Amino acid sequence: MINVTKTYLPPLEEYQAYIQGIWERNQLTNNGPLVQELEHQLKEYLGVKHCIYVSNGTIALQIALKVLNITKEVITTPFSYCATSHSIIWENCTPIFADISADDFCIDPEKVEALINENTEAILATHVYGNPCEVDKLAAIAQKHNIKLIYDAAHAFGVKVQGTSLFNFGDISTCSFHSTKVFHSTEGGAIFTNDDQLAYLIDSYRSFGHKGDTYNTIGINAKNSEFHAAMGLCVLPKVIEIIDARKKIFQLYDSLLNWDKLVKPVLKTSFERNYAYYPVFFESEEVLLAVKKALETEDIFPRRYFYPSLSTLKFVTEQSNCPISDDFAPRALALPLYYDLAHADVERISKIINKTIS
Ligand SMILES: *Cc1c(COP(=O)(O)O)cnc(C)c1O
């Protein structure tokens with residue numbers, strides 16, 4: 001069976017060596033040494049100032065909204081995983097959807113600016129598929145209107161633009177380290193900021209708002225465990241290899257698929273990629289469903305990333321006008337892509353797709 005992704009698992013002995021230490025120390029959570037070591041290594045690897053490791057990428061978004069005091073409208077993308085807009089609604093804010101660019105499927109800065117009003121407090125944009133948003137334009141808009149800029153960078157681990165980690169952009173960037181992502185720690189996530197004051201508060205929020213007997217603020221429990229950090233520490237040294245293997249598979253799909261009948265993202269600037277997803281867009285949802293069925297018959301399971309367009313979900317109250325997202329989401333399919341997917345399987349998948357669409 002071939003799924004859209006497959007979790008990288010380190011050699012069992014490597015993980016066990018860390019687990020041995022957990023047994024010796026008898027500390028399983030509460031900012032233990034492995035959590036601290038993982039944060040340290042992530043900061044080094046990524047070249048970021050603050051990295052606050054949390055239990056998942058969704059709580060990371062919730063804390064980002066909370067710590068920036070966002071309570072009203074947040075302009076966001078309809079073309080992302082549901083965690084992006086769910087976290088806004090969960091925090092009692094209102095998502096306002098700005099349509100995406102038909103080239104790279106990230107939020108369109110012009111559409112964002114057109115939606116800003118006196119209730120707008122933040123932009124929450126996703127670097128969808130690991131392709132960077134137009135970070136300079138969005139920063140200029142946020143600054144001009146004095147609103148906050150948050151990036152859901154769940155897909156962006158290892159991506160660099162302008163020579164620096166994509167996590168360095170915005171007031172806050174968040175990432176997910178879920179097992180399906182390029183870098184993972186079983187479950188997990190992180191919050192990145194260059195602002196010392198914000199980092200201090202986020203650290204408090206992660207752990208009930210208190211340090212010892214001193215209560216600074218309210219907080220939540222967003223801590224992650226030593227077991228999760230251990231997995232992260234095993235996976236991190238392999239990330240470069242994992243990304244490189246993904247790149248080869250990515251390029252093979254590029255060379256094999258019939259581009260007369262398919263669309264793929266058109267990238268706007270040059271950047272260091274992480275090959276997080278391999279999305280293709282079919283001529284219609286009908287064709288997509290036919291391809292999906294043909295692949296499933298062969299035990300191959302791609303995923304409809306990202307469908308449906310979040311602006312069409314029933315718990316969204318504000319009307320939105322996102323024809324590009326509404327048009328592309330039903331036609332989007334992420335093909336299998338992971339570090340040890342056999343090149344022969346990529347050929348087989350490409351052949352089935354080409355045959356079905358021709
Ligand atoms: C995976 C993902 C998340 C959520 O991350 P979890 O760690 O699963 O909570 C958020 N946003 C996007 C765009 C994602 O792909």
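The lining of the largest pocket divides into 13 nonpolar, 12 polar and 4 charged residues, with Ala, Val, Leu, Ile, Met, Phe, Trp, Tyr, Cys and Pro counted as nonpolar, Asp, Glu, Lys and Arg as charged, and the others, Gly among them, as polar. This is a predicted model, where local features need pLDDT of at least 70, side-chain atom pairs count only at pLDDT 80 or more, and totals for chains, interfaces and linings use all residues. Residues are numbered from 1 along each chain as its sequence is written, and side-chain values use heavy atoms, leaving out hydrogens and water.

Back to that lining: 29 residues make it up, and Tyr 81, Ser 176, Thr 180, Lys 181 and Tyr 277 lie nearest the pocket's centre. (A pocket is an open set of points on a 1 Å grid over the protein atoms alone, where a 1.4 Å probe fits, with protein on both sides within 12 Å along at least five of seven lines; lining residues have an atom within 4 Å of a point.) Among the elements, α3 gives the most, with 3 residues.

Of the 15 residues around the ligand, Thr 58, Asp 152, His 155, Ser 176 and Lys 181 come nearest (around means a heavy atom within 4 Å).

Now for the polar contacts, pairs of N or O atoms within 3.5 Å. The side chain of Thr 58 has an N or O atom 2.6 Å from a ligand oxygen. Asp 152 uses its side chain to reach a ligand nitrogen at 2.7 Å.

Technical notes: A polar contact is a pair of N or O atoms within 3.5 Å; within protein, one must be able to donate a hydrogen and the other to accept it, and residues adjacent in sequence count only if both atoms are side-chain atoms. Helices (H or I, at least four residues) and strands (E, at least two) are DSSP runs, numbered from the N terminus.
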